[in-house]
Amino acid sequence: METHSEGNPEQDPAQAAAHIASAHQILKALQEKIGKHPELGAAITKLEMALNVLAVKTGGML
């Protein structure tokens, strides 16, 4: 059975970090277009926390 690296971010933390960073940039751009919104702020914060967790798990080797 084939494994798909997107389904298991622990196999490729750099790829997971890239997805998180991309989502973060998209949400920040959306926030600039529509203004501050509590749900957008919460989503951005959660992405930043996830990126920090990945950085810690990989020893900052992202």
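**Entry 1: terms and model**

I start with what counts as a helix: a DSSP run of H or I with at least four residues, while a strand is a run of E with at least two, both numbered from the N terminus. With that in hand, I looked at what follows α1: Gly-35, whose phi is positive, near 95°.

I noted that this is a predicted model, in which local features need pLDDT of at least 70 and side-chain atom pairs count only at pLDDT 80 or more, while totals for chains, interfaces and linings use all residues. Residues are numbered from 1 along each chain as its sequence is written, and side-chain values use heavy atoms, with hydrogens and water left out.

I checked confidence next. pLDDT is the predictor's confidence in each residue, from 0 to 100. Its mean for the protein is 78, and 77% of the residues reach 70 or more. Over residues 1-6 it stays under 50. Where pLDDT is low, the predicted coordinates should not be read in detail.

**Entry 2: the whole protein**

I found two helices and zero strands. The protein has 62 residues, and 18% of them count as buried. Buried means under 20% relative accessible area, exposed means over 50%, and partly exposed lies in between (1.4 Å probe, protein chains only).

I also looked up contacts, meaning heavy atoms within 4.5 Å. Among contacts with a separation of 6 or more, 41% come from residues 24 or more positions apart.

**Entry 3: helix α1**

Which residues of α1 are buried? I listed Ala-16, Ala-17, Ile-20, His-24, Leu-27 and Gln-31. They cover an arc of only 95° around the axis, so they sit on the same side of α1. The arc is taken from the directions from the helix axis to the C-beta atoms. These buried residues pack against α2. The face turned away from them carries exposed Gln-25, Ile-26, Glu-32 and Lys-33.

I picked out Gln-31, which counts as buried because its relative accessibility is 11%. Leaving out residues up to four places away in sequence, Gln-31 touches Lys-36, His-37, Leu-40, Gly-41 and Ile-44.

**Entry 4: helix α2**

Just after α2, Gly-59 takes a positive phi of about 70°.

**Entry 5: the core**

Which residues make up the largest nonpolar core? I wrote down eight: Ala-16, Ala-17, Ile-20, Leu-27, Leu-40, Ile-44, Leu-47 and Leu-54. The elements giving two or more residues to this core are α1 (13-34) and α2 (38-57). Such a core is a set of buried Ala, Val, Leu, Ile, Met, Phe, Trp, Tyr and Cys residues joined through side-chain atoms within 4.5 Å.
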